[in-house]
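Here's a quick briefing to read alongside the model. Keep the viewer open and click along.

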Amino acid sequence: MTTIAFIGLGNMGLPMAKNLIGANHSVRGFDLSSDARGALEGAGGAAFDSVADAVTGADVVVSMLPSGKIVEVVYADVFKAAAAGTLMIDSSTIDVATARKVSAEATAKGFSMVDAPVSGGVGGAAAGTLAFMVGGTADAFAAAEPILDPMGAKIVHCGDSGNGQAAKICNNMLLAISMIGVSEAFNLGRKLGLDDQTFYDVAANASGQCWSLTSYCPVPGPVPTSPANNDYQPGFATALMHKDLGLAMEAVASVDANSPLGKHAADIYAEMNDAGHGGVDFSGVLKRLAGDL
Ligand code: NAD
């Protein structure tokens, strides 16, 4: 049994913390929300009134927070309260530069730290089947892996600090581009008189095949589990895709990469989000592009 401080008990953090409790770890949690703290206590964890109180006496700190700025603020408190040698795992989706900065501060203070953002959403968090993309030293990864195990189905070491965040935003930029591409193809096919299922049967077995088509199809019908069959309820909300594309565009600018399609995808999802559709699944871009949303 390991004593784990869990900071950030929201839609993702609470079910992740529950899976750590289910694996017989002792979980000490903090969230700004008293409801979230109460929910942790209801699940068998111990809730505290500050980051420092939750971290005191913990062997490991796990965090699941909304933004890089908040991660910086929270870890300033974590560093003051943590015992020497504490392992720190930040699973928030944040910018690569902040992940590297906070990790360097942790190392300088004698802690070890990994960035370990996830994909798999709230469903994966509840089921303990998240995919973790981990950045940090080989030793820190080896120490983090058994802690992540009850929360995840796939845990990949992506390289040094920040590389977990890099893998996450590169993947999601690719996902946004491919979802828009699949949506454009269905919309064009419809205008040309092509039946959705017929086009699906062709493209799913041809060179257009991709995850956005065959696992998360943006038209209702061909893939019964896709959010298109449930009026585009997330799934993966447009607001979260918009956030991740913002991080991707920051990264593009920081290293002067050439990503014209990523930039265009970021603009399309920003416009969809700003038009009030942040709560719609990101595959709803098909309707937005068709002028139906
Ligand atoms: P959320 O808003 O539901 O939860 C964030 C929690 O952090 C909230 O409960 C909030 O009260 C708490 N918080 C904020 N500031 C705090 C502070 N200073 N100290 C302590 N607690 C604080 O968000 P979420 O959906 O759980 O997402 C968390 C992270 O996971 C984000 O970085 C998000 O991008 C990422 N993520 C989310 C999903 C998803 O499907 N929701 C999927 C993959 C990754």
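Which residues come nearest to the ligand? Of the 22 residues around the ligand, they are N11, M12, D31, L65 and K243, where a residue counts as near if one of its heavy atoms lies within 4 Å. A heads-up: this is a predicted model, so local features need pLDDT of at least 70 and side-chain atom pairs count only at pLDDT 80 or more, while totals for chains, interfaces and linings use all residues. Residues are numbered from 1 along each chain as its sequence is written, and side-chain values use heavy atoms, with hydrogens and water left out.

**Where the ligand sits**
- Domain 1 (3-160) and domain 2 (166-290) both give residues to the shell, so the ligand lies between them; the domain bounds come from an automatic or database domain assignment.
- At least two shell residues come from each of α4 (68-81), α6 (121-127) and α11 (238-255) (helices are DSSP runs of H or I, at least four residues, and strands are runs of E, at least two, numbered from the N terminus).

- D31 uses a polar side-chain atom, 2.6 Å from a ligand oxygen.
- M12 brings a backbone N or O atom to 2.8 Å from an oxygen atom of the ligand.
- For L65, a polar backbone atom is 2.8 Å from a ligand oxygen.

- Most residues other than glycine have a negative phi, and most peptide bonds are trans.
- N24, not a glycine, has a positive phi of about 70°, and sits in the loop between α1 (13-22) and β2 (26-30).
- The P234 to G235 peptide bond is cis, with omega near 10°; G235 is in the loop between α10 (211-214) and α11.

Key
A polar contact is a pair of N or O atoms within 3.5 Å; within protein, one must be able to donate a hydrogen and the other to accept it, and residues adjacent in sequence count only if both atoms are side-chain atoms.
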